[in-house]
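User: I am new to reading protein structures and would like a close look at a single part of this one. Could you pick one residue and walk me through its surroundings, then show me how other places compare?

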Amino acid sequence: MTPSALKRPLLFSLLALGLSSAFAAPDPAPTDRQADRWDLTALYASDAAFDADAKKLSSQLQQLGACKGQLAASPARLKSCLDLVAEARKRVNTLTTYAAQYYDQDTGDSKGNQLNQRAALLGNDFTQATTFLQPEILALGAKRIDAMLAKDQGLQLYRFQLSNMLRSAPHTLDAAGEQLVAQFGLATSSAASVYRTLANAEIPWPTVTLSNGTQVRLDQAAYTKYRGDDQRADRKLVFDAFFGKWKEYERTFGETLYGQLKTDAAYAKVRHYTDSQSAALDADHLPPAVYQTLIAQTNANLPTLHRYFKLRARMLGVKDLAYYDIYAPLLKSERSFPLAEGKQMMLASVAPLGPDYVKALTAAVDARWMDVYPRPRKVAGAYMNGDAYDVHPFVLLNYTDNYEAVSTLTHEWGHAMHSVLANKAQPSIYAPYSIFVAEIASTTNEALLLDARLKQARDDDERLLYLGAALENLRGTFFRQAMFAEFEAAIHGKVDKGESLTGEEITAIYAGILKRYHGEAQGVMTIDPAYALEWAYVPHFYHGFYVFQYATSIAAAQDFAQRILDKEPGALAAYLKMLGAGGSAYPYELVKAAGVDLASPKPYQALVARMNGIMDQIEAIEAKRGK
């Protein structure tokens with residue numbers, strides 16, 4: 001287990017929070033029933049219960065001190081210490097989950113902020129208390145570890161964990177070095193915190209007046225809604241005002257992101273990696289070829305993305321497609337999908353995953369595992385937090401009654417069911433899974449939803465609604481995230497070389513990539529330089545080399561979904577086995593064993609072929625209508 005992997009359960013929660021502005025929905029809740037909010041008493045019934053568990057954690061961390069220098073004593077002693085680490089990690093995950101969920105339901109409640117800070121301190125205490133582990137395991141060496149495993153069958157549980165630790169030998173410091181790095185953990189984690197606070201709570205958002213007279217306070221949630229307004233002038237107004245506000249903070253967000261990049265570069269150097277990307281990929285033992293192939297295949301297939309934009313321009317009836325046109329719906333639809341209907345649509349769509357899956361999801365979705373509707377001061381967006389091993393996953397939504405909301409519901413419950421399956425099949429040390437696999441579970445369910453809706457569509461208008469949503473999902477989840485990945489590689493590369501970066505320079509880098517992906521040179525779309533401030537709006541960049549996994553995952557998901565729908569022998573069993581495996585093996589190998597090699601061009605080419613096939617269907621409908 002690498003130092004990064006030790007922190008992964010904690011990090012996963014933070015990453016989930018970082019996604020929160022990606023799928024924001026602003027409308028007030030149609031109801032505010034307790035049944036539509038999550039029940040955090042499943043974690044802790046009271047403040048006193050939280051305090052008591054925090055004390056238990058502190059006691060466990062003190063006990064861990066007695067393990068220092070004792071791992072070589074006997075196989076039994078090694079096992080007892082690893083058991084203690086596992087229990088402490090499980091406890092700190094639960095504490096962190098409670099703090100995160102409490103804060104996100106009302107970011108204006110100071111108690112939530114205090115809980116988050118306290119949980120961060122506890123997490124850092126855990127990290128410091130376990131710094132001795134890796135160096136001592138490395139000192140034992142592979143031969144001694146193998147001998148101890150042979151003598152104690154109970155120790156076999158930790159075989160993969162121990163082999164992963166041994167793998168990281170070139171990047172592990174001695175005990176004193178690991179302790180020093182751990183002590184700097186809190187001091188070097190402020191960039192993302194500053195970003196979240198400023199971006200979610202403190203920016204004075206502008207108010208705009210739309211063409212129908214509606215006044216809108218244009219925060220992140222409102223931007224997500226109104227950027228797709230029917231009126232083109234309103235879309236431009238929204239983009240201009242929203243990114244104009246980010247422009248006012250360009251230098252500040254430049255400093256926060258540069259601070260994060262410097263932190264990543266410093267940790268990579270300290271741990272003897274060639275660069276930040278190598279360090280990030282090695283945490284999950286991902287082959288560099290995965291990242292390289294993704295970027296190469298995306299650039300090779302930009303003509304397909306450009307075809308989509310040209311189709312979009314025709315369907316919208318505009319000749320000079322602009323960046324503010326990319327979210328306008330291809331088909332205007334007044335159809336609404338209330339939550340109860342959305343749930344039923346989701347449950348019907350996952351029937352191909354088998355009756356046991358449907359039964360478990362049905363029970364879960366009716367329990368109080370999710371916070372459904374938007375409220376003032378609630379965190380925007382959608383995510384799943386599955387770190388509370390002994391409890392259950394928690395899902396945050398900001399549900400509006402449109403098809404995108406149904407798709408997001410399906411996406412997040414795909415994550416939740418992944419955690420349910422992994423927690424059921426694996427011990428706590430192997431239940432947490434890599435993001436590399438996580439996004440496959442969610443996007444496979446979205447692909448199944450699309451298939452089900454197309455089969456149920458009553459007419460071409462409804463069919464176009466779903467096909468258009470699918471196209472936008474492929475654009476946003478594959479091409480857009482790959483674009484982000486290329487941008488990340490560029491800015492990290494500069495800082496890894498010791499170069500400085502200002503907000504203005506980051507904007508220039510982003511603008512160049514944005515224009516290339518959107519075909520400005522080919523006359524496909526015009527990009528207003530003001531919109532290149534988009535990088536400041538994206539929280540993912542504070543969690544380095546993370547977003548590329550959305551793109552790889554949706555490519556894999558298309559393959560898995562199609563094989564499951566085709567009832568290919570063994571496909572469903574292999575897929576569910578991958579989900580149930582959690583983190584018990586390296587994620588790239590898990591996906592490959594299930595039938596998809598994400599270091600090869602094949603899954604990306606298949607995704608592009610699917611996207612072209614969807615466009616063929618849309619164009620056929622349009623041709624039938626004489627358009």
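Analyst: **A close look at one residue**

Let's start with H392, which is buried, with a relative accessible area of 12% (buried means under 20%, exposed over 50% and partly exposed in between, using a 1.4 Å probe and protein chains only). Before we go on, this is a predicted model, where local features need pLDDT of at least 70 and side-chain atom pairs count only at pLDDT 80 or more, while totals for chains, interfaces and linings use all residues. Residues are numbered from 1 along each chain as its sequence is written, and side-chain values use heavy atoms, with hydrogens and water left out.

Setting aside neighbours within four places in sequence, H392 is in contact with A42, R368 and W369 (contact means heavy atoms within 4.5 Å).

Now look at the strands on either side of that loop. Three strands make up an open sheet with mixed pairing, in the order β3-β5-β4 (two strands pair if DSSP finds at least two bridges between them). The edges are β3 (370-371) and β4, each of which pairs on one side only. Across β3, β4 and β5 lies helix α3 (residues 75-105), at about 150° to β4 (axes are lines fitted to C-alpha atoms, for helices over the stretch in contact, and angles run from 0 to 180 degrees between N-to-C directions).

Q60 counts as buried, at 11% relative accessibility. The side chain of Q60 makes a 3.1 Å polar contact with the side chain of R91. Not counting residues up to four places away in sequence, Q60 touches L84, E87, A88 and R91.

Finally, visit D325, in the loop between α14 (302-316) and α15 (339-349). D325 counts as buried too, at 0% relative accessibility. Leaving out residues up to four places away in sequence, D325 touches R232, R235, R312, L316, V318 and D320. F545 is 220 residues from D325 along the chain, and 28 Å separates their C-alpha atoms.

To place this on the whole chain, an unreviewed UniProt entry lists residues 230-606 as "domain: Peptidase M3A/M3B catalytic" (its positions use the numbering used here, feature names are shortened, and annotations may be inferred rather than shown by experiment). In the model, that span is 63% helix and 2% strand, with its end C-alpha atoms 33 Å apart.

Key: Helix = DSSP H or I, 4+ residues; strand = E, 2+ residues; numbered from the N terminus. Polar contact = N/O pair within 3.5 Å; in protein donor to acceptor, adjacent residues only side chain to side chain.
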